Amino acid sequence: MSSVLVSSVLVSSVPAPPPGPVTGSAVGDPVLNVVVFAAFLLVVLVVVLRVARSGATRSSYYAGGHGFTGPENGLALSGDFLSAATFLGIVGAVAVSGPDGFGYAVAAFVAWLLALFFIAELIRNTGRYTLADVLTVRLRERPVRAAAATSAVVISTLYLLAQLAGAGGLVALLLDVTDRAGQAVVIAGVGGLMLVYVLIGGMTGTTWLQIAKAALLVGTGAVMAAYVLGITGLSLPKLFESAALRHPEGDAVLRPGLLYGGGALAQADLASLALGGVLGVAGLPHILMRFYTVPTARQARSSVTWAIWLIGGFFLLTLVIGYGAAAMVGPERILAAPGGVNSAAPLLALEIGGEIGLALVSAIAFATILAVVAGLTITAAAAFAHDVYANLIRRGTATAAEEIRVARRATLVIGVLGTAGGILANGQNIAFLVSLTFTAAASANLPTLLYSLFWRGFTTSGALWSMYGGLAVTVGLIVVSPAVSGTPTSMLPKLDFAVFPLTNPGLVSVPAGFLLGFLGSVLGRERPDRAAFARMSVRALTGAGVEHPVHGDPSMPPPAGRHRQSPFPVTGARRAADPGGPERPVIRPAAGSPADDSPTGRIADGPLVGPGAASLPAGPSPHRVAPGAGGRRGGSTGAFFQPVTPPGHGHRPADHRRGGGPAGPPPS
């Protein structure tokens with residue numbers, strides 16, 4: 001039974017409680033645990049309130065104004081990805097099962113290399129807020145946006161549900177709340193706090209929450225690992241020897257096989273888990289959305305590099321902490337605790353730092369859940385408000401205020417539904433939901449994204465086949481798998497309709513998603529638009545047309561790095577905001593234009609005028625766009641934009657909307 005629990009936690013990447021209410025007594029002082037967590041929340045809330053004014057535009061609400069640096073976003077990516085099980089689950093899995101428990105960490109680390117080499121820069125250059133923004137650069141907008149929004153909402157909501165449901169066992173362990181009603185109150189409290197951060201701060205507030213949580217998580221892990229190594233004389237062999245002496249299986253804990261030592265079926269399950277874990281990260285909507293919070297593709301690459309170092313380094317710390325827990329706490333005591341395998345890290349913290357150390361780990365655990373669910377909620381809300389409401393229902397005519405209002409309402413609805421689902425699922429073994437989200441992202445989103453970026457023969461039909469088909473195959477296989485029925489640890493243990501032998505369908509669903517995308521493009525009636533692919537390739541590689549923060553935007557934080565400085569010349573009235581820069585051409589929405597803060601991210605391709613125009617290449621303009629500068633799909637960009645020069649140059653551009661003539665005084 002203990003081996004099954006360890007496997008459940010490892011596959012799910014959330015702290016999965018055993019079926020039924022969790023009983024037992026908490027470790028440490030629950031009041032102190034709450035006080036430390038409340039102090040963390042108060043500090044982060046102050047930061048969120050300070051940046052709350054930046055939520056007035058689409059750019060700031062969805063993407064933090066594109067104003068975070070690479071290191072800042074790298075920390076936020078780490079905070080977004082490192083869920084509670086990364087700390088609690090993997091540490092416990094290593095302590096109980098040895099190297100087999102480290103498999104998820106290895107798979108996740110490799111996944112970020114895929115994001116670094118094939119995803120981060122190209123996504124930042126071609127998109128603006130959501131995955132659909134990337135796909136619609138070359139594919140038909142309405143069907144593709146509907147499919148991408150469906151995938152994002154389904155994946156994010158399932159992940160949100162699993163994270164909140166996993167809080168029940170954590171509450172029992174750390175706060176000594178063992179009855180279902182009390183755990184429901186705490187889960188509702190976590191959901192309510194998440195809504196406060198997202199509704200007030202948008203992506204900016206969510207990012208700072210994730211940065212603070214990541215810094216706290218990595219710092220605490222480093223202290224715990226240093227202590228464990230310190231008492232062994234900085235000797236890893238001595239640490240492993242001590243763990244083997246304390247473990248019931250002896251030296252077997254130092255070799256693979258305790259967790260995945262079965263026959264061919266167990267090995268196939270491991271391969272399926274690894275495939276979904278490696279390919280799923282690069283397709284998770286809330287991870288992709290983080291690449292838009294930086295100003296340039298270079299900073300997107302830098303943020304992934306920082307995330308790789310932080311996540312990889314932290315995973316190495318969990319290996320040391322896990323064997324330290326095995327040596328200092330012991331597997332029997334770990335499995336007998338209320339949280340089961342998830343109690344390894346808290347019990348080790350109690351051994352190292354007493355009740356204060358445990359309180360700090362408790363704060364990290366709850367902050368981890370809070371940060372992850374905040375990122376998931378804003379991603380699902382953005383997919384609905386930006387893709388469904390603004391571009392499908394309103395067909396690009398919605399104003400920024402209307403879209404943000406809908407996004408906040410969607411945040412409230414998704415948060416309430418996710419919290420209610422987490423309360424209902426508390427005590428149920430829904431560990432498969434997180435492996436389902438990773439596998440669904442690898443089966444539906446990743447094939448569509450890679451085909452769109454790299455295959456000129458890809459069509460809208462292929463995208464629809466891949467996204468809808470990948471989701472359907474993944475969900476269908478998981479429903480008829482042992483994760484849902486047929487075994488004592490299934491979600492429905494008293495029923496048995498499991499006909500698919502693997503608990504994780506990635507070995508079948510991921511190839512199916514790529515195959516469906518290929519077949520839909522080859523067999524469909526639609527011809528591939530090779531010219532659109534060429535334009536997309538140029539934009540992906542060069543960043544032509546990408547939106548950046550603009551000097552003087554009140555929603556932007558003050559410059560904190562060279563990449564936040566405008567590369568274009570600035571003079572005249574703009575020299576006060578940027579006294580060191582020369583002049584640059586500016587594009588603003590035409591007077592009376594409905595293109596305020598365009599929902600599609602399209603920009604003007606018309607001619608530029610002004611002193612800096614001659615140095616710019618023809619075609620889509622690689623300049624920075626003023627807040628609100630974007631066009632609507634389906635119309636001439638020239639109908640909504642008039643190129644102007646900075647004030648004070650005495651040059652009045654022609655009105656390109658009417659074929660010539662003065663355009664009136666330039667805007668101030």
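Select helix H12 (residues 264–280) together with helix H20 (residues 506–523), whose axes come within 8 Å and cross at roughly 45°; axes are lines fitted to C-alpha atoms, for helices over the stretch in contact, with angles running from 0 to 180 degrees between N-to-C directions. H12 is therefore oblique to H20, a word for angles that are not under 35 degrees (roughly parallel), over 145 (roughly antiparallel) or 65 to 115 (roughly perpendicular). Show side chains next: Ala-268, Ala-271, Ser-272, Leu-275 and Leu-279 of H12 make the contact with Gly-506, Leu-507, Val-510 and Pro-511 of H20, contact meaning heavy atoms within 4.5 Å.

This is a predicted model, in which local features need pLDDT of at least 70 and side-chain atom pairs count only at pLDDT 80 or more, while totals for chains, interfaces and linings use all residues. Residues are numbered from 1 along each chain as its sequence is written, and side-chain values use heavy atoms, leaving out hydrogens and water.

Now colour by pLDDT, the predictor's confidence in each residue from 0 to 100: among the elements of the protein chain, H20 has the highest mean (95) and helix H1 (residues 2–12) the lowest (37). Over residues 550–668, pLDDT stays under 50.

Finally, centre on Thr-130, in the loop between helix H6 (103–126) and helix H7 (131–135). Thr-130 counts as buried because its relative accessibility is 7%, the cut-off being under 20% relative accessible area with a 1.4 Å probe and protein chains only. Its side chain makes a polar contact with the side chain of Asp-387 (3.0 Å).

How values were computed. Helices (H or I, at least four residues) and strands (E, at least two) are DSSP runs, numbered from the N terminus. Buried means under 20% relative accessible area, exposed over 50%, partly exposed in between (1.4 Å probe, protein chains only). A polar contact is a pair of N or O atoms within 3.5 Å; within protein, one must be able to donate a hydrogen and the other to accept it, and residues adjacent in sequence count only if both atoms are side-chain atoms.
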